[in-house]
Amino acid sequence: MPRAPVGKQRLSREDWLDFGLTVLRDEGPQALKAEPLCKRLGVSRGSFYWHFDSAGAFMLAVVERWEARATEQVILAVQQCAGGAAEKLRFLLRKVGELDVRLYEAIHSLEARLPELTGVLRRVHERRLGFLAGLLVALGFAADEAALRARMTYAWAMGELLTRDPQQQAYTEAQIAAVERLLLRP
C-alpha cells in the first residue's frame, strides 16, 4: 500500500499528484477516489477539492504528471546527454527500458473510465515518435524513413515493456544492440 507524504501540514498539488501516481501504479484506477485518499493521507476532502474540481480532474492531472515524467523529462535527459544522435538514441533506449510498465498499464485501464485521457495518450505517443524521428533524421535518414523507423522502434520498445519478464528492470545491452543494428543504422 502506498505511503502518504509525511511531515507536512498542507498537501500541495504536487504532493497529491505524486501520491496519485503511486496509488494508480500500485492499486489501479479504482483506488483514485477522493474520500479514501483523504482518509489515507489524514486530511479533509477540502484539501483534495482545493486543488481539483473533481475526481476526473484529479485523474487527468495525475496522467499529465506521468506525461511530464515519462515523456518530457526523458526527452530533456536525452537532449542533455553528451554525444551525437547515435549516443542519444542509445541513452534513450536505456531510459525507456527503465520505465515502470505497471503505471503505463494502469493509465491505459484508466482510459476506459476517463475518455479525456485518449487525447493525452495520443499526445504522448506523437511527442515520443516525433522526438525519436528527429534523432533518426539527425543520423541521416530522410524524414519519411525516419518516421517509419521511429514507429517500428517505438512499437518494439512498448511491446517489450509490456511483455518482458517482470523481474527484468531494463532492456539488455544485447536488445539495444539489435535494435540499433536493425532499425537505427542507415
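The model is predicted: local features need pLDDT of at least 70, side-chain atom pairs count only at pLDDT 80 or more, and totals for chains, interfaces and linings use all residues. Residues are numbered from 1 along each chain as its sequence is written, and side-chain values use heavy atoms, without hydrogens and water.

**Helix H1**
- H1 covers residues 13–27; helices are DSSP runs (H or I, at least four residues), numbered from the N terminus.
- Gly28 follows H1 and has a positive phi, near 90°.
- Buried residues (under 20% relative accessible area, 1.4 Å probe, protein chains only) in H1 include Asp15, Trp16, Phe19 and Leu24.
- Their cover includes H2 (34–41), H3 (45–51), H4 (55–80) and H6 (101–111).

- Leu24 touches (heavy atoms within 4.5 Å) residues including Pro29, Leu32, Val62 and Leu110, not counting residues up to four places away in sequence.

**Largest pocket**
- The largest pocket holds about 250 Å³ of space.
- A pocket is an open set of points on a 1 Å grid over the protein atoms alone, where a 1.4 Å probe fits, with protein on both sides within 12 Å along at least five of seven lines; lining residues have an atom within 4 Å of a point.
- Of its 13 lining residues, Asp100, Val101, Arg102, Arg164 and Pro166 lie nearest the centre.
- H6 gives the largest share of the lining, 3 residues.

Methods:
Helices (H or I, at least four residues) and strands (E, at least two) are DSSP runs, numbered from the N terminus. The expected span of a helix is 1.5 Å times one less than its number of residues. Buried means under 20% relative accessible area, exposed over 50%, partly exposed in between (1.4 Å probe, protein chains only). Grid points are joined across faces, edges and corners, and a volume is the space filled by probe spheres set on the points.
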